Amino acid sequence: MARSGSSSGASPCDLDKEFAPQIAQLLAAPSPQSAQEYYEDLIQSKKHDGIRVNYKGDHGKGVCANKDFAEGDLILKDQILVGAQHSLNKIDCVVCSYCFRFIGSVEFQIGHRLYFQSIASSIGCSSERHCHGCDVGSSTCSSGATKEKSSTLPEEVIESLITGDVSLPFSDHFPLPEIVACQGCEEERYCSQSCADSDWESYHSLLCAGPNTEPPRRSALHKFVEHANETNDIFLVAAKAITFTMLRYKKLKRQNDFQNKSPESNFSLLMEAWKPLSMGFKKRWWDYVALPEDVDASDEDSFRQEIRDLAFTSLQLLKDAIFDAECAPLFSLEVYGHIIGMFELNNLDLVVASPVEDYFIHIDDLPDDKKEEAEKATAPLLDALDDDYALPCDGTAFFPLQSCMNHSCCPNAKAFKRDEDNDGHAVIIALGPISKGEEITISYIDEDLPYEERQAELADYGFTCTCSKCQEEKPN
């Protein structure tokens with residue numbers, strides 16, 4: 001369960017004390033007027049005319065319909081503000097690092113999976129690691145590519161799939177964008193030059209560890225990423241949130257000619273750069289992360305201390321890599337902890353379905369004569385992939401408008417990807433008729449659970465649900 005309160009002892013981060021007033025301003029809830037203006041501008045710029053964000057009573061902000069919706073209507077496609085593919089999921093599939101579309105080709109995706117699968121098999125690896133929501137603050141996740149498979153394929157077959165030297169039957173029905181590599185590190189890959197440029201401008205220029213990056217900084221970045229991959233990859237998303245703010249700040253300085261202004265003026269620009277993230281509901285990660293089932297209640301304080309220490313280690317590694325004195329408050333443990341907490345409390349899973357699944361379904365649905373011929377090439381691949389052939393892109397993200405939607409155990413909308421939704425946007429669909437002016441609600445949990453289980457899960461979000469379903473099912 002989650003709890004309120006704080007970890008015992010003073011912060012180990014000197015910046016927490018040195019910049020306490022600035023940190024308090026960064027973490028203060030925005031005024032209703034400021035937030036209303038931000039969301040009105042965002043909705044207008046993204047042309048989401050069907051919704052509006054309102055502030056009301058005990059629930060704070062919420063999303064209301066600005067027109068009538070019928071069952072199945074698209075309410076919103078919300079672009080990611082900050083997000084990342086889970087580290088281990090990169091073994092399972094290759095997607096654009098900015099929009100999260102699958103890239104390359106069906107053959108490349110299959111070959112990529114089989115390549116890492118063969119490596120795992122050759123060393124007898126059943127690798128597990130900690131990803132967002134996992135063990136140290138979450139649960140342990142593993143990649144499908146690390147499981148033992150029923151058969152293996154020759155190396156030359158796998159290589160021919162990756163290099164494009166072989167074309168599978170009917171794969172031209174499932175075209176994917178060509179891969180555009182980062183010109184700095186070549187580790188990040190994109191579906192277009194536009195996405196590569198956008199990622200560079202918004203996040204990656206500070207996180208690129210390519211040969212053009214100064215050796216000390218490149219080494220520090222590698223250490224930060226290695227630590228996140230070994231512990232909890234939520235730190236990678238937090239780093240992107242910080243770089244997003246830093247790069248916005250630098251852009252605002254250029255636009256406003258603030259090169260030689262006072263620290264107070266610079267901080268006002270930092271506050272403006274931080275505004276999109278200031279809108280997210282935040283609590284310190286180590287105070288509110290759910291206590292794992294295998295941790296005894298008597299060990300709760302030491303568990304939460306361990307979580308705080310883990311975050312501090314990560315922060316120090318990130319600070320070694322990208323610290324900027326003008327943005328120093330962003331590198332305080334207090335801000336870092338609240339950023340991570342924001343993702344825990346506001347995130348919607350980033351999921352993009354695999355075109356490889358659609359491809360094999362297409363083969364299975366072919367007329368018998370065509371199916372028999374096609375399966376001469378595809379059956380060995382499907383057998384080698386086994387049940388994991390359909391693994392999607394999986395990650396975590398913060399969506400600025402979806403995060404404003406309140407919970408109900410009898411929601412009138414849901415997150416649902418349609419066949420045409422092939423990127424990382426959050427897609428919200430109406431579950432039934434919604435009238436203009438009516439609040440749009442989604443469920444944060446499995447709403448089919450019994451009352452007590454629903455309330456226990458919602459406690460991690462910091463509230464007790466009083467929707468009509470809970471009122472009806474609440475014990476006397």
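Helix 9 and helix 12 (residues 300-322) pack at about 40° in this predicted model, and their axes lie 11 Å apart. That angle makes helix 9 oblique to helix 12. The crossing of the two is right-handed. On the helix 9 side, the contact is made by Phe235, Ala239, Ile242, Thr243 and Met246. Helix 12 answers with Leu310, Ala311, Ser314, Leu318 and Ile322. Sorted by class, this contact of helix 9 with helix 12 holds 8 nonpolar and 2 polar residues, and no charged ones.

Helix 9 also has a contact with helix 7. The axes of helix 7 and helix 9 come within 8 Å and cross at roughly 85°, which makes helix 7 roughly perpendicular to helix 9. Helix 7 brings Asp199, Trp200, Glu201 and Ser202 to this contact, while helix 9 brings Lys240, Thr243, Phe244, Leu247 and Lys251. The class make-up here is 3 nonpolar, 2 polar and 4 charged residues.

Which residues of helix 7 (residues 193-202) are buried? They are Cys195, Ala196, Asp199 and Ser202. These residues cover an arc of only 145° around the axis, so they sit on the same side of helix 7. The buried residues of helix 7 pack against strand 7 (180-181), strand 8 (189-190) and helix 9 (234-256).

A further helix pair joins helix 2 (residues 20-27) to helix 10 (residues 263-278), with an angle of about 30° between them and axes 10 Å apart. With angles under 35 degrees counting as roughly parallel, helix 2 and helix 10 are therefore roughly parallel to each other. Their crossing is right-handed. Gln22, Gln25, Leu26 and Leu27 in helix 2 meet Phe267, Met271 and Trp274 in helix 10. By class, the contact of helix 2 with helix 10 has 5 nonpolar and 2 polar residues, with no charged residue in the count.

| Helix pair | Angle between axes | Axis distance |
|---|---|---|
| Helix 9 and helix 12 | about 40° | 11 Å |
| Helix 7 and helix 9 | roughly 85° | within 8 Å |
| Helix 2 and helix 10 | about 30° | 10 Å |

Most residues other than glycine have a negative phi, and most peptide bonds are trans. Phenylalanine 100 has a phi near 70°, a positive value in a residue other than glycine. It is placed in the loop between helix 4 (89-92) and helix 5 (106-122). Phenylalanine 170 also has a positive phi, of about 70°, although it is not a glycine. Its place is the loop between helix 6 (155-163) and strand 7. Is each of these side chains buried or partly exposed? Phenylalanine 100 is buried, with a relative accessible area of 3%, whereas phenylalanine 170 is partly exposed at 25%.

The loop between helix 4 and helix 5 also holds serine 105. Serine 105 is partly exposed, its relative accessible area being 22%. Serine 105 and glutamine 305 are 200 residues apart in sequence, and their C-alpha atoms are 46 Å apart in space.

Back in helix 9 we find arginine 248. Arginine 248 is partly exposed, with a relative accessible area of 28%. Leaving aside neighbours within four places in sequence, arginine 248 is in contact with Glu272, Ala273 and Pro276.

Finally, where does glutamine 402 lie? Glutamine 402 is in the loop between strand 10 (393-398) and strand 11 (406-407). A residue counts as buried under 20% relative accessible area, so glutamine 402, at 5%, is buried. Not counting residues up to four places away in sequence, glutamine 402 touches Leu76, Asp78, Asn346, Leu348, Ala426, Ile428 and Ile442.

How values were computed:
Residues numbered from 1 in each chain as written. Predicted model: local features only at pLDDT ≥ 70, side-chain atom pairs only at ≥ 80, totals over all residues. Heavy atoms only, no water. Axes fitted to C-alpha atoms, helices over the stretch in contact; angles between N-to-C directions. Helix = DSSP H or I, 4+ residues; strand = E, 2+ residues; numbered from the N terminus. Parallel < 35°, antiparallel > 145°, perpendicular 65-115°, else oblique. Left-handed = near helix turned anticlockwise from the far one by under 90°. Contact = heavy atoms within 4.5 Å. Nonpolar A, V, L, I, M, F, W, Y, C, P; charged D, E, K, R; others polar. Buried < 20%, exposed > 50% of the residue type's maximum accessible area, 1.4 Å probe, protein only. Arc of directions from axis to C-beta.
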